[in-house]
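Q: Please take a close look at a single part of the structure shown below and describe its surroundings in one connected account.

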Amino acid sequence: MTASEDPDSIHIQSDEQLRAVASHTRHRILRVLRDGPATITQLAERLGIAKGSSNHHVKVLAKAGLVAVVQTRKVGGVTEQYYAMTGRRIELPDPGPGQPETLMRHALADIEAAPPSDQKRMFLKHARLSPAAWEEFNNRITALVEELHEASDPSQPAADLFLAFYRPKDL
């Protein structure tokens with residue numbers, strides 16, 4: 001099943017949704033919500049941002065239909081609202097020629113902001129491949145990404161894979 005056939009995919013189509021996912025802070029909020037529901041306060045603490053900022057960004061995501069309240073709980077005289085993503089994955093439309101790959105830019109910003117660690121690997125490798133070899137590597141990479149997805153354990157620390165396998169524009 002492709003992502004476009006997946007009923008749990010959020011298909012970004014409106015300008016409002018595109019603006020909502022274009023913010024790096026909202027990207028980070030969605031990243032946290034992948035692991036499960038959270039309150040405005042929990043999101044602010046986890047991301048190291050002001051509670052008011054967290055509230056603003058969650059409201060933008062909710063208005064765009066990307067997150068929703070999934071649980072409420074009374075704590076003292078306050079009702080806490082727990083937000084979750086409305087789908088398991090977000091599918092963006094393909095950008096036009098010369099337009100930025102928004103999710104890749106957000107992922108790169110996350111990589112740059114990550115603390116130095118022995119659990120961070122980055123590679124850039126150039127190769128010249130025949131169409132058959134390119135297809136073989138593409139299939140192997142796709143299988144590895146699926147294997148990573150299947151190995152995911154929500155009780156463990158997060159790990160992200162940032163991957164781009166492409167043919168550059170040779171001049």
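Which helix holds H57, and which residues is H57 in contact with, leaving aside its neighbours within four places in sequence?

A: H57 is found in helix α4, where helices (H or I, at least four residues) and strands (E, at least two) are DSSP runs, numbered from the N terminus. The model is predicted, local features need pLDDT of at least 70, side-chain atom pairs count only at pLDDT 80 or more, and totals for chains, interfaces and linings use all residues. Residues are numbered from 1 along each chain as its sequence is written, and side-chain values use heavy atoms, with hydrogens and water left out.

At 12% relative accessibility, H57 counts as buried; buried means under 20% relative accessible area, exposed over 50%, and partly exposed in between (1.4 Å probe, protein chains only). Leaving aside neighbours within four places in sequence, H57 is in contact with S23, T25, R26 and I29, contact meaning heavy atoms within 4.5 Å.

L61 touches R26 and I29 among its partners, together with A20, L30, L66 and V67, again not counting residues up to four places away in sequence. Both I29 and L61 are among the residues with the most contacts inside the largest nonpolar core, as are L33, L43, V58, L66 and V67. This core has 19 residues, a nonpolar core being a set of buried Ala, Val, Leu, Ile, Met, Phe, Trp, Tyr and Cys residues joined through side-chain atoms within 4.5 Å. Two or more residues each are given to this core by α1 (15-22), α2 (24-33), α3 (40-47), α4 (51-63) and β3 (78-85). The largest share, 4 residues, comes from α2. In soluble globular proteins, nonpolar side chains tend to be buried together.

Helix α4 also packs against α3. The axes of α3 and α4 come within 8 Å and cross at roughly 115°; axes are lines fitted to C-alpha atoms, for helices over the stretch in contact, and angles run from 0 to 180 degrees between N-to-C directions. The crossing of α3 past α4 is right-handed, a crossing being left-handed if the near helix is turned anticlockwise from the far one by less than a right angle, and right-handed if clockwise. On the α3 side the contact is made by I40, T41, L43 and A44, and on the α4 side by K51, S54, N55 and V58.

H27 is buried, with a relative accessible area of 15%. Its contacts, not counting residues up to four places away in sequence, are L103, H106, A107 and D110.

Of its 171 residues, 21% count as buried. Residues 24 or more positions apart account for 60% of the contacts with a separation of 6 or more. The C-alpha atoms fill a box of roughly 65 × 40 × 30 Å, taken along the principal axes.
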